[in-house]
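Dear colleague,

Please find below the structure that I am handing over to you. My findings follow directly after it.

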Amino acid sequence: MNDFGLDVWGDDNFVIKDDTININYASKPSLLKITKDIQEKGYKGPLILRFPHLIKKQITTLFDAFDSARDEFEYSGKFQAVFPLKVNQFPNFVDNLVSVSSDYNYGLEAGSKAELIIAMSKTPLNAPITVNGFKDKEMISLCFIASQMGHNITITIEGLGELETIIEVDKEFSKSIKNYIPPKIGIRIRLHSSGIGIWAKSGGYNSKFGMTSTEVLEAYDMLKKHNLLSQFWMIHFHIGSQMGDIAPLKKALREAGNIYADLKKRGADALGAINIGGGLALEYSQHEGKQARNYSLKEFANDVIYLMQFISQSKGVAEPDIFTESGRFIAGTHAVLIAPVIELFSQDYHEKSLRLKEINPPLIQELYDLWISIKKENAKEYLHDALDQMESLLTLFDLGYIDLEDRSNTEILVNLIIKKAIVLLRDENQDELKKLQDRIQEKYLVNFSAFQSLPDFWGLAQRFPIVPLDKLDTKPTNPSSIWDITCDSDGEIAFDRELPLYLHDIKVDEDEYFLGFFLTGAYQEILGMRHNLFTHPTEVVINFNENGEYIMDDIIPAQNLMDILDDLEYKTSSIDKRLKYLIEESSILNSKEKSDILGKLYLYLSENSYLKTI
Ligand SMILES: *Cc1c(COP(=O)(O)O)cnc(C)c1O
């Protein structure tokens, strides 16, 4: 397993060439080369690399899947999609998303006023904007303003109160603007079916969002009474993120489809779209047989088109346009977090730490011989012998017959034997060996913050694929845990016997060893928190020129120390003054030393919080 499950999660986006993991695009550069190039420019600490070609690939794949399904079923409704901004609002992502999607009339979805402003300023005029979530009068008015700008905008109402506000704002705008154009209106429905998995709270009867059938009927009457039925054109639902199973979606589609058909028959003539929300899952698993998703994109698209066609035909109504708001699927693959390993713990179990004597106690000599002569054929037997002798040796220590050096030699030798046995017996996949791996696991201290960069690991135990950037021609043998540099014991990705991560044995003072954390482009950046004041890492956009060579664009460095404090509303000028004063007034420094130290201080203040070892 040298490929770190690339076949399971990689989707052909990366390829292992010789000993490195490379981008499977254009000149196929290695992530290691890119990382070193960025470091040479002076950027230290963890990095986020963004790949616009991967955003484009996801958008193209999504549209292609639905277009093929529409062709196959001769479906008459259109397929349209928007990107839900809550999944990634960073400008280096959004600007690239908008530019790579220009062929698709792809739009944006907003769930708050600030996101709406992004959508209003970045969405091309014909592309759709949808607005979900709870809204006040101001937010609704912003939607009306967008509509006057010429935007194709749909307000999704979550409750009757919002509809009342829409009616009120509609009256105000129609009075004050001569050629007034109202926005389109959608209704979010509350389904009795709901999603599954850790993100499933968005659908179902107890969900925070959507209207019951009674409320939908009432909304219909209100729209009719206030002459807004002509604007009501979309039914919306969202059953939760990262749907591993397709069954709940099918149930939701049947439910939503029948609501659509019924409302149309009732007289909602403008109604012409079903928005199926997001939820399309990504495969995060690094392990064959532990996949998180039980369907393909083709199956997903076919199910949606088939069911909508079936319901429309049986009820005798027009086939609706299909909208999706997939976020994770579109953004997840485009970003890779890269962080250097700065230290290995449990190095004391290394051969070089042995303190063997001229004459060792016989049991220790035997352990040593077991370690030297262990082979595949005898590995199990020798392993059992070693564990047995360790018990005896520890007892001898307790009784005072051997000394601390002997005890240390015992621990080291037994660990070395276990390590060797595991490698020799790797293919046998025995429970006993799996358990022993916990004992010999190596802790890799990595220059990043799990709170800042993998918040879904912290909050939801979501795993992300982890791959070292080189040495991939060598079998990794260390069962590994990953420690981040926060002072918090939650910042550890512990070794998991069922989903084991093996990394290479390295000497950190000689080797640079970087880990890539993949599929981190969705949700992680904005949910990331500044625990211990570690901030958003330095980010770089990687594009390719006509010759297929990569170019680094739009580098945004991680915030420096003073900017971090400024963000917390510290008065940085008085901090600056105070630090300077303390140096200048120091009674132990002469004036040359003072100016040297001041120089150092200002250099450090201009850098970010991450460690500077590599
Ligand atoms: C969060 C959200 C999405 C995106 O879901 P993904 O699982 O990321 O595709 C889409 N629509 C709505 C209404 C959402 O709240």
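Q452 sits in helix α16, which spans residues 450-453 (helices are DSSP runs of H or I with at least four residues, strands are runs of E with at least two, and both are numbered from the N terminus). The model is a predicted one: local features require pLDDT of at least 70 and side-chain atom pairs pLDDT 80 or more, while totals for chains, interfaces and linings use all residues. Residues are numbered from 1 along each chain as its sequence is written, and side-chain values use heavy atoms, with hydrogens and water left out.

With a relative accessible area of 4%, Q452 is buried (buried means under 20% relative accessible area, exposed over 50%, and partly exposed in between, with a 1.4 Å probe and protein chains only). The side chain of Q452 reaches the backbone oxygen of F534 at 3.2 Å. Beyond its neighbours within four places in sequence, Q452 is in contact (heavy atoms within 4.5 Å) with residues including Q524, E525, M529, R530, H536 and Y610.

An N or O atom in the side chain of S241 is 2.4 Å from an oxygen atom of the ligand. For Y523, a polar side-chain atom lies 2.6 Å from a ligand oxygen atom, and for G279 a backbone N or O atom lies 3.0 Å from one. The ligand taken alone exposes 390 Å², of which the protein buries 93% (Shrake-Rupley method with a 1.4 Å probe).

The largest nonpolar core has 138 residues, and F14, L31, F83, F237, F300 and F517 touch the most other members. Such a core is a set of buried Ala, Val, Leu, Ile, Met, Phe, Trp, Tyr and Cys residues joined through side-chain atoms within 4.5 Å. A second, separate core of 26 residues includes A379, A386, A421 and L436.

N105 is in the loop between α4 (91-100) and β5 (107-110), and at 38% relative accessibility N105 is partly exposed. Q242 is in the loop between β9 (232-236) and α9 (247-266), and at 9% relative accessibility Q242 counts as buried.

Yours sincerely

Technical notes: A polar contact is a pair of N or O atoms within 3.5 Å; within protein, one must be able to donate a hydrogen and the other to accept it, and residues adjacent in sequence count only if both atoms are side-chain atoms.
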